[in-house]
Amino acid sequence: MSPELIAILAGWISLAGLVLRLGGRIDRVEARLAAVEKETARIGGLLEGLGFTGRAQPGES
């Protein structure tokens, strides 16, 4: 094998390893974002129940 081909193969192998490693990190970030979205929706529901949404209730002027 020529040195150029070895360098190209090494580059592709490195890139594949990087993609696999980043894939796991992206999965963890997605899980954390879903947890934040769920908690934000819960807090929004609590605030709405308390009347702190800033929206006028029907019949209010």
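Is R42 buried, partly exposed or exposed, and at what relative accessibility? In this predicted model, R42 counts as partly exposed, at a relative accessibility of 47%. The secondary structure of the protein chain that holds this residue amounts to 1 helix and 0 strands, and buried residues account for 0% of its 61 residues.

**The helix and its end**

- Helix 1 contains 48 residues and spans 70 Å between its first C-alpha and its last, which is close to the 70 Å expected at 1.5 Å a residue.
- The helix covers residues 3-50, and just after helix 1 the residue G51 adopts a positive phi of about 85 degrees.

**The salt bridge**

- The count of salt bridges in the model comes to 1, and the pair concerned is E39 with R42, whose side chains meet at 2.7 Å, taken from N to O.
- Both partners belong to helix 1, where E39 and R42 stand 3 residues apart, or about one turn of the helix.
- E39 has a relative accessible area of 36% and is therefore partly exposed, while R42, at 47% relative accessibility, is likewise classed as partly exposed, because that class lies between the limits of 20% for buried and 50% for exposed.

**The surface**

- The protein chain exposes about 5700 Å², and carbon and sulfur atoms supply 66% of that area.
- A nonpolar surface patch of about 700 Å² is formed by I8, W12, L15, L18, V19, L22 and I26.
- Among the residues of this patch, W12 is located in helix 1, and W12 counts as exposed because its relative accessible area is 59%, where the class of exposed residues begins over 50%.

Notes. Residues are numbered from 1 along each chain as its sequence is written. This is a predicted model: local features need pLDDT of at least 70, side-chain atom pairs count only at pLDDT 80 or more; totals for chains, interfaces and linings use all residues. Side-chain values use heavy atoms; hydrogens and water are left out. Patches are made of residues with over 30% relative accessible area and no salt bridge: like charges are joined within 9 Å, nonpolar side chains (Val, Leu, Ile, Met, Phe, Trp, Tyr) within 5 Å. Accessible areas come from the Shrake-Rupley method with a 1.4 Å probe; for residues, only the protein chains shown count as cover. A salt bridge is a side-chain nitrogen of Lys or Arg within 4 Å of a carboxyl oxygen of Asp or Glu. Helices (H or I, at least four residues) and strands (E, at least two) are DSSP runs, numbered from the N terminus. Buried means under 20% relative accessible area, exposed over 50%, partly exposed in between (1.4 Å probe, protein chains only). The expected span of a helix is 1.5 Å times one less than its number of residues.
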